[in-house]
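Here is a short tour of one structure. Keep the model open and follow the residues as they are named.

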Amino acid sequence: MQHSKQTIEDILTQLSTGETTAVELAKLSLQAIENDETAAFLGTYEDVLDQAKVADMRRADGEKVSLLGVPLAIKDNILIEGKTASAGSQILKDYVAPYSATAIEKLQAAGAVLVGRTNMDEFAMGSSTEHSSYQVTKNPYDKERVPGGSSGGSAAAVGGGLVPAALGSDTGGSVRQPASFCGVVGLKPTYGAVSRHGLIAMGSSLDQIGPLTNNVADAERIYNIISGPDKRDSTTYQKDTYSSPKNTPKKIGVPRQLLETDGLDVAVKENFNESLEMLKLAGYEITDIKLPALQEALAMYYIIMPAEVSSNLARYDGVAYGLRTDDDDLFTQYIHTRRDGFGPEVKRRLLLGTYVLSAGYYDAYYRTAVRARQVLEAAFRDVFKEVDAIVTPTTPAPAFKIGDKSDDPLEMYLQDVFTVGANIGGVPAISIPSGTVAVEANNLPLGLQLVAAKNHEQTLFTIGKDFESTER
Amino acid sequence: MSDDINIKKIAKLARIEINETDEAELATNITDILSYVGSVKKVADEAGSPEAGPVRNVLREDTDPHEPGEYRDALLREAPSVDGDGYIVVPPIL
């Protein structure tokens with residue numbers, strides 16, 4: 001069963017008129033999570049009602065902050081002081097965060113009520129949430145299908161109406177792809193727009209925290225709260241580091257060659273062409289662009305990401321925190337802790353990353369991928385002199401069945417073919433619901449992806465809202 | 001180049017034990033992935049010399065340290081094994 005989906009704006013209106021209270025909303029959300037058939041959550045926090053009471057008191061005192069009393073879900077790889085954060089992994093099964101992520105501190109200051117932690121592929125490695133070491137999350141539109149991943153729990157939670165919004169993280173598409181599969185909006189901000197302090201690291205040059213919401217305005221609202229420079233993350237940028245959009249967007253580019261991808265579903269292609277017509281109706285000029293380097297983004301990604309994974313996950317050695325096996329010497333303890341604590345996909349990427357960084361192969365793989373990345377970054381800079389945004393489908397096909405791709409890693413990786421470019425290029429991208437396609441007995445959601453220049457999130461919001469309000 | 005994947009050797013570098021039954025499959029997976037990613041070469045040849053990005057360090061200078069022990073208890077709470085003096089206990093290294 002799907003619960004009623006409400007936007008943050010609706011909820012805030014009801015709160016301000018006294019039609020409901022934060023406590024009432026929190027109770028409804030907890031109840032919905034209790035009855036949830038999609039297994040979106042790994043757990044709810046024990047102090048939810050206390051948080052909601054505080055929010056109601058703040059409102060009674062006349063405080064006006066932009067999320068006061070709004071229930072939110074948090075991906076299991078974002079730290080909240082005193083609460084479990086396992087990144088979907090056995091190696092962090094009982095890990096309790098000693099500090100909060102900057103994004104969390106900002107949400108708390110804005111009055112959000114954090115209800116629980118959502119399921120994810122282990123350490124955010126996957127496109128289906130099947131790689132969680134705890135449970136398989138189901139798609140709210142079809143329980144036999146995946147919600148996408150790695151932020152599959154957050155997408156199912158919003159898509160299933162359990163919470164009005166959630167945080168996810170996106171390293172190669174992990175917010176946008178599940179958003180597309182679950183019929184919600186998902187934003188991957190510019191690299192450096194949102195602090196990564198307190199986000200459990202996967203690929204540090206690619207990771208960004210982003211919101212999943214029921215409409216573009218809500219994504220914008222959360223983005224405005226969580227973004228901004230942070231003294232605890234040197235990769236966050238200042239207000240004047242990049243230009244801001246000067247004019248309202250007019251011209252949108254289509255990278256035609258990328259759409260010739262073999263795996264592109266016919267229904268997705270039709271839906272995409274309809275979306276282009278809608279953008280034209282909304283007054284945008286659609287033009288074909290050439291971006292050959294974008295076609296190699298997935299190849300760059302599967303060198304750079306595992307290389308960073310192998311470095312970042314070196315810290316899970318059983319010494320200072322997390323799982324530790326009982327062994328007689330330290331080396332054996334390291335290799336056994338990691339053998340028992342990591343699942344198969346994490347092991348695969350650790351080994352791949354170690355290989356591409358190892359002596360004799362570093363130049364051929366890692367250094368070559370970094371140079372290719374430079375070429376793509378330059379290509380994005382050039383193309384955004386010609387067009388305000390780039391548009392593609394978010395995914396090559398609608399949600400697939402649970403178990404369909406879990407045996408073939410390369411097949412799973414191809415899920416990211418349209419989304420990884422934005423992570424490699426460090427540019428912002430958003431997925432917006434673009435209608436549904438009938439598959440077997442169900443209507444499955446599809447998503448439209450818009451990509452803009454660095455720090456041009458406003459362009460995405462403007463086009464996104466126009467797209468939402470154009471009659472299909 | 002990637003036809004000689006030695007999983008045992010990489011696993012040792014990665015500080016992880018891989019079950020022998022999984023070695024062959026992992027070697028196949030990694031070989032497949034490496035053959036897919038090989039195409040980055042085409043693009044890399046167009047790269048100019050690397051440039052530093054516009055983002056600058058914002059971390060504080062390493063001065064005015066906090067009080068010793070201020071965060072110790074909170075951090076040690078997560079350690080698998082701790083002795084009475086606040087040290088993390090590990091098995092013998094040598």
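In this predicted model, the largest nonpolar core has 171 residues. Within that core, Leu107(A), Phe123(A), Leu167(A) and Leu351(A) touch the most other members. Helix H10 of chain A, residues 297–312, gives the most to the core, with 11 residues. As a general rule, nonpolar side chains tend to be buried together in soluble globular proteins.

Leu351(A) also reaches chain B. Leaving aside neighbours within four places in sequence, its contacts are Ile7(B), Ile10(B), Ala11(B), Ala14(B), Ile16(B), Ile18(B), Leu26(B) and Ile30(B).

H10(A) is mostly covered, with 15 of its 16 residues buried. From first C-alpha to last, H10(A) reaches 21 Å, close to the 22 Å expected at 1.5 Å a residue. H11(A) has 12 residues and reaches 16 Å, close to the 16 Å expected.

How do H10(A) and H12(A) pack? Their axes are 7 Å apart and meet at an angle of about 100 degrees. Angles of 65 to 115 degrees count as roughly perpendicular, so H10(A) and H12(A) are roughly perpendicular to each other. On the H10(A) side, the contact is made by Tyr302(A), Ile303(A), Met305(A), Pro306(A), Ala307(A), Val309(A), Ser310(A) and Ser311(A). On the H12(A) side, the residues are Arg349(A), Leu350(A), Leu352(A), Gly353(A), Thr354(A), Val356(A) and Leu357(A). The residues of this contact divide into 10 nonpolar, 4 polar and 1 charged.

H12 of chain A is also among what covers the buried residues of H11(A). Those buried residues are Leu330(A), Gln333(A), Ile335(A), His336(A), Thr337(A), Arg338(A) and Gly341(A). Gly343(A) lies in the loop between H11 and H12 of chain A. The C-alpha atoms of Gly343(A) and Glu122(A) are separated by 7.4 Å, although the two are 221 residues apart along the chain.

**Helix H4**

Now turn to H4 of chain A, residues 102–109. Its buried residues are Thr102(A), Ala103(A), Ile104(A) and Leu107(A). They pack against strands S2, S3, S4 and S6 and helix H7 of chain A. Just after H4(A), Gly111(A) takes a positive phi of about 90 degrees.

| Residue | Relative accessible area | Class |
|---|---|---|
| His197(A) | 18% | buried |
| Gly343(A) | 14% | buried |
| Asn271(A) | 8% | buried |
| Gly435(A) | 27% | partly exposed |

His197(A) sits in the loop between strands S5 and S6 of chain A. Not counting residues up to four places away in sequence, His197(A) touches Tyr99(A), Ser100(A), Ala101(A), Thr102(A), Asp230(A), Arg232(A) and Asp233(A).

Asn271(A) lies in helix H9 of chain A, residues 266–281. With the neighbours up to four places away left out, Asn271(A) touches Ser434(A), Gly435(A), Leu446(A) and Arg472(A).

Gly435(A) is found in strand S10 of chain A. Leaving aside neighbours within four places in sequence, Gly435(A) is in contact with Asn271(A), Leu444(A), Pro445(A), Leu446(A) and Arg472(A). Gly435(A) and Leu212(A) are 223 residues apart in sequence and 17 Å apart in space, C-alpha to C-alpha.

**Backbone exceptions**

Most residues other than glycine have a negative phi, and most peptide bonds are trans. Some sites in this model depart from that pattern.

The peptide bond from Gly149(A) to Ser150(A) is cis, with omega near 10 degrees. Ser150(A) is in the loop between strand S3 and helix H5 of chain A.

Ala39(A) is not a glycine, yet its phi is positive, near 55 degrees. Ala39(A) lies in the loop between helix H2 and strand S1 of chain A.

Glu440(A) has a positive phi of about 50 degrees, and it is not a glycine either. Look for Glu440(A) in the loop between strands S10 and S11 of chain A. Is Glu440(A) buried or exposed? Its relative accessibility is 60%, so Glu440(A) counts as exposed.

How values were computed. Residues numbered from 1 in each chain as written. Chains lettered and ligands numbered in written order. Predicted model: local features only at pLDDT ≥ 70, side-chain atom pairs only at ≥ 80, totals over all residues. Heavy atoms only, no water. Core = buried A, V, L, I, M, F, W, Y, C linked by side-chain atoms within 4.5 Å. Buried < 20%, exposed > 50% of the residue type's maximum accessible area, 1.4 Å probe, protein only. Helix = DSSP H or I, 4+ residues; strand = E, 2+ residues; numbered from the N terminus. Contact = heavy atoms within 4.5 Å. Expected span 1.5 Å × (residues − 1). Axes fitted to C-alpha atoms, helices over the stretch in contact; angles between N-to-C directions. Parallel < 35°, antiparallel > 145°, perpendicular 65-115°, else oblique. Nonpolar A, V, L, I, M, F, W, Y, C, P; charged D, E, K, R; others polar.
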